Amino acid sequence: MTALRSPASLPGSSKVPNGDRGAPSAGFRSAPGGLPGRLSRVAQLLARLPGVGEKTAQRFALFLVTAGEDTARDLGGELVELCDHIRPCIRCGHIAELDDDGRALCAICLDTRRDGALLCVVARVQDLLAIERSGAMRGRYFVLGRLLSPLEGVGAEELPLEALRARVRDPEQPVREVLVATPPSVDGEATALLLARELGAMGIQVTRIASGVPHGGDLEFADQVTLGRAIEGRKSFG
Ligand SMILES: [Zn+2]
């Protein structure tokens, strides 16, 4: 109902002031302030975006129907296209566009200048983008999608370990080193330990980003220099 479990949610973005965010779509004949129900529906959808509160969502919706009709039409069309053409990369989980054969391979996996022997494991696409901004990572990536969480009952079986093992063993791109860049939180460290054990048993060198990113911090919000140093200063692990 609340649809607020997106990993992209920013801290503090999960306000549900009036508790009506999850109202069903039917029955929007009128809205507070006499606004059309359709407009209210768009505002409610916009309010689901991370970091967007109800007032901002209403401002966006009003702009789209008053001053921004072209933007509204372009946005609507592009969002439909996005859902039809964008998928997780089949090799790493990054965002990718389907090719003519219906395969999704991201630009990083297709970039032949990348060091295929170095694989950086991250929790989320946002972390991958943060590391890319630092410019310190010349290898490729693997996005886990979630972290091990002993407190929340997320066990190893819920992580894509088999896909990661297959990726590491890929004869076309043999991996020599796996850099674990999960966040320096309890769950991030637990995941790093699990990966060190699993991959170490396969004879892969496992390294961990160096300290510098504050404990409990989010890679997404670490500055580029700090993140770059954390990657360059990585240490053997496990
Ligand atoms: Zn990829």
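Trainee: What do I need to know about the model before starting?
Mentor: It is a predicted model, in which local features need pLDDT of at least 70, side-chain atom pairs count only at pLDDT 80 or more, and totals for chains, interfaces and linings use all residues. Residues are numbered from 1 along each chain as its sequence is written.

Trainee: How many helices and strands are there in the protein?
Mentor: The protein has 8 helices and 7 strands. Both are DSSP runs numbered from the N terminus: helices are H or I with at least four residues, strands are E with at least two.

Trainee: And what share of the residues is buried?
Mentor: Of the 238 residues, 26% are buried. Buried means that 20 or more other C-beta atoms lie within 10 Å of the residue's own; exposed means 12 or fewer, partly exposed is in between, and C-beta atoms are placed from the backbone.

Trainee: Now the sheet. What is the strand order?
Mentor: The order is β4-β3-β5-β6-β7, an open sheet of 5 strands with mixed pairing. Two strands pair if DSSP finds at least two bridges between them.

Trainee: Which strands stand at the edges?
Mentor: β4 and β7 (235–236) do; each has a single partner strand, so one side of each lacks a neighbour in the sheet.

Trainee: Is β4 enclosed or open, then? How many of its residues are buried?
Mentor: 4 of its 5 residues are buried, so β4 is largely enclosed by the rest of the structure.

Trainee: How do β3 and β4 pair?
Mentor: They are parallel, over 5 bridges. Leu119 has Arg140 in β4 as its bridge partner. With α5, these two strands make a right-handed β-α-β unit. Right-handed means that, with the strands pointing away from the viewer, the path from the first strand over the helix to the second runs clockwise.

Trainee: Where does α5 pack?
Mentor: On the sheet, touching β3 and β4, with its direction at about 125 degrees to that of β3. Axes are lines fitted to C-alpha atoms, for helices over the stretch in contact, and angles run from 0 to 180 degrees between N-to-C directions. Contact between two residues means that their C-beta atoms, placed from the backbone, lie within 7 Å.

Trainee: What about the other strands of the sheet?
Mentor: β5 and β6 (residues 205–208) run parallel, joined by 4 bridges, and Val178 stands opposite Val206 in β6. β5, α7 and β6 make another β-α-β unit, right-handed. β6 and β7 run antiparallel, joined by 2 bridges; there, Arg208 has Lys235 in β7 as its bridge partner.

Trainee: Switching to the core. How many residues does the largest nonpolar core have?
Mentor: It has 38, and Cys120, Val121, Val122, Ile131, Val178 and Ala181 have the most contacts inside it. The elements giving two or more residues to this core are β3, α5 (125–134), β4, α6, β5, α7 and α8 (224–232). A nonpolar core is a set of buried Ala, Val, Leu, Ile, Met, Phe, Trp, Tyr and Cys residues joined through C-beta atoms within 7 Å. A second, separate core of 6 residues includes Val42, Ala43, Ala47 and Ala61.

Trainee: Which residues of α1 are buried?
Mentor: In α1 (residues 37–46), Ser40, Val42, Ala43 and Gln44 are buried. The buried residues of α1 pack against α2 (54–66).

Trainee: And in α6?
Mentor: In α6 (residues 161–169), Leu164, Arg167 and Val168 are buried. They lie on the same side of α6, because they cover an arc of only 95 degrees around the axis, taken from the directions from the helix axis to the C-beta atoms. Glu162, Ala166 and Arg169 are exposed on the other side. The buried residues of α6 pack against β3 (115–122), β4 (139–143), β5 (177–180) and α7 (186–200).

Trainee: Last one: where is Cys92?
Mentor: In the loop between β1 (86–88) and β2 (95–97). Cys92 counts as buried because it has 23 C-beta neighbours inside 10 Å. Not counting residues up to four places away in sequence, its contacts include Cys106, Cys109 and Arg140. Cys92 and Arg140 are 48 residues apart along the chain, with their C-alpha atoms separated by 8.1 Å.
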